Amino acid sequence: MLSLRRIAVTTRNLPFSTIQGIRSLTTKASYNNILVEKRGKVALLTLNRPKALNALNSELMNELQDAMSTLDTDSGVGAFVLTGSEKAFAAGADIKEMSSKTFVDTYKGNWLSNWGSISRLRKPIIAAVNGYALGGGCEVAMMCDIIYAGDNARFGQPEITIGTIPGGGGTQRLIRAIGKARAMEMILTGEQMTAEEALRSGLVAKVFPKEETVAKAIETAEKISSFSQNHVIMAKEAVNQAYEVGLQQGLLFELRSFWTTFATEDQKEGMAAFIEKRKPNFRDQ
Ligand SMILES: C=C(C)C(=O)SCCNC(=O)CCNC(=O)[C@H](O)C(C)(C)COP(=O)(O)OP(=O)(O)OC[C@H]1O[C@@H](n2cnc3c(N)ncnc32)[C@H](O)[C@@H]1OP(=O)(O)O
């Protein structure tokens, strides 16, 4: 369990209004392996185990899930950005922690099954990936809604090279993202993919010089946060239906969600603002 102390936040180079936003987080838990900042309506989560290239041990993943679940229900947060360091987004699950586990340990402990909660966040989450996103690192990035990559990013599922197979969804999500042939090749060989190839194959949305990746992700998260929060969540849910269920079921889900927007004031406001040639004032109603 996490102790109730002050959350680790960075206030360097931030405007006063943002620092006030950050202060609102200071009653939450304190974390050893992640940094949590609130920049306006964007929650920036930084994996921070530099000595182990952000290897995802249990403590880190518990902290991440704790912070995310709190911020997901915070109406002041519109979107997340998840990042690591310039050298590594995350070099996978912690091999030192898992190397001595037995089948019974993993099966009985339902090992890694809790990771999927990242993909069940209601608010959109952008992975800003610089450096290595390997194994569980690649899987966590793929659990996010959008991936932005730095030009030094490397994606891969090297589990086969250390005597196991992907366990955090890599065999399922990589195929959906880039197609069976290349996904199968990467998973069976452990070969890494460059940022450029990841862009060409549709795994990432955009590639930036590595110094700009996080800022660009925050910019996009800010833009998303400026829209009606309810509609952003509905749109995300509908896109995920296409990703996770059959086309007809997904189309029906989308249509029903679309119709539902017409029960909201934000739909009236958004369309009125367009017609009146002014900026909409969304109130999440
Ligand atoms: C979900 C599942 C099952 C998984 O994710 S399984 C794990 C999949 N990931 C991997 O196999 C990648 C393992 N890491 C690597 O291959 C190499 O570290 C890289 C990423 C290529 C980088 O190589 P280098 O730049 O030479 O750095 P390297 O010296 O290896 O790593 C720096 C430190 O991080 C540690 N480290 C790196 N990846 C780690 C990992 N996944 N788990 C634990 N420690 C890790 C590494 O042991 C070293 O620690 P120490 O200095 O105490 O020896």
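**Exercise 1. Decide whether L112 is buried or exposed, and state where L112 is found.**

Solution. L112 has a relative accessibility of 15% and therefore counts as buried, where buried means under 20% relative accessible area, exposed over 50% and partly exposed in between, with a 1.4 Å probe and protein chains only. L112 is found in the loop between α4 (103-108) and β5 (125-129); helices (H or I, at least four residues) and strands (E, at least two) are DSSP runs, numbered from the N terminus. The model is predicted, so that local features need pLDDT of at least 70 and side-chain atom pairs count only at pLDDT 80 or more, while totals for chains, interfaces and linings use all residues. Residues are numbered from 1 along each chain as its sequence is written, and side-chain values use heavy atoms, with hydrogens and water left out.

The backbone of L112 is the next step: phi is near 75°, a positive value in a residue other than glycine. Most residues other than glycine have a negative phi.

**Exercise 2. State what phi N54 has, and where N54 is found.**

Solution. Phi of N54 is near 60°, which is a positive value in a residue other than glycine. N54 is found in the loop between β2 and α2 (58-72), and with a relative accessibility of 2% N54 counts as buried.

**Exercise 3. Give the strand order of the open sheet of four strands and identify the edge strands.**

Solution. The order is β4-β6-β8-β9, with mixed pairing, and two strands pair if DSSP finds at least two bridges between them. The edge strands are β4 (88-90) and β9 (193-194), each of which pairs on one side only. Strand β8 (residues 154-156) pairs with β9 in the antiparallel sense over two bridges, and R154 stands opposite T194 in β9.

**Exercise 4. Describe how α6 packs against α5 and against α7.**

Solution. Two packed helices are described by the angle between their axes and the distance between the axes. Here axes are lines fitted to C-alpha atoms, for helices over the stretch in contact, and angles run from 0 to 180 degrees between N-to-C directions.

Step one: the axes of α5 (residues 136-143) and α6 (residues 170-178) come within 10 Å and cross at roughly 55°. That makes α5 oblique to α6, because angles under 35 degrees count as roughly parallel, over 145 as roughly antiparallel, 65 to 115 as roughly perpendicular and the rest as oblique. On the α5 side E139, M142 and M143 meet G170, R173 and L174 in α6.

Step two: the axes of α6 and α7 (residues 180-189) come within 7 Å and cross at roughly 140°, so α6 is likewise oblique to α7. This contact is made by G170, T171, L174, I175 and I178 of α6 together with K180, R182, A183, M186 and I187 of α7.

**Exercise 5. Determine how α10 is oriented relative to α11.**

Solution. The axes of α10 (residues 229-244) and α11 (residues 247-261) come within 8 Å and cross at roughly 170°, which means that α10 is roughly antiparallel to α11. Among the residues in contact are H231 and M234 of α10 and G250 and F253 of α11.

Definitions and conventions: Contact means heavy atoms within 4.5 Å.
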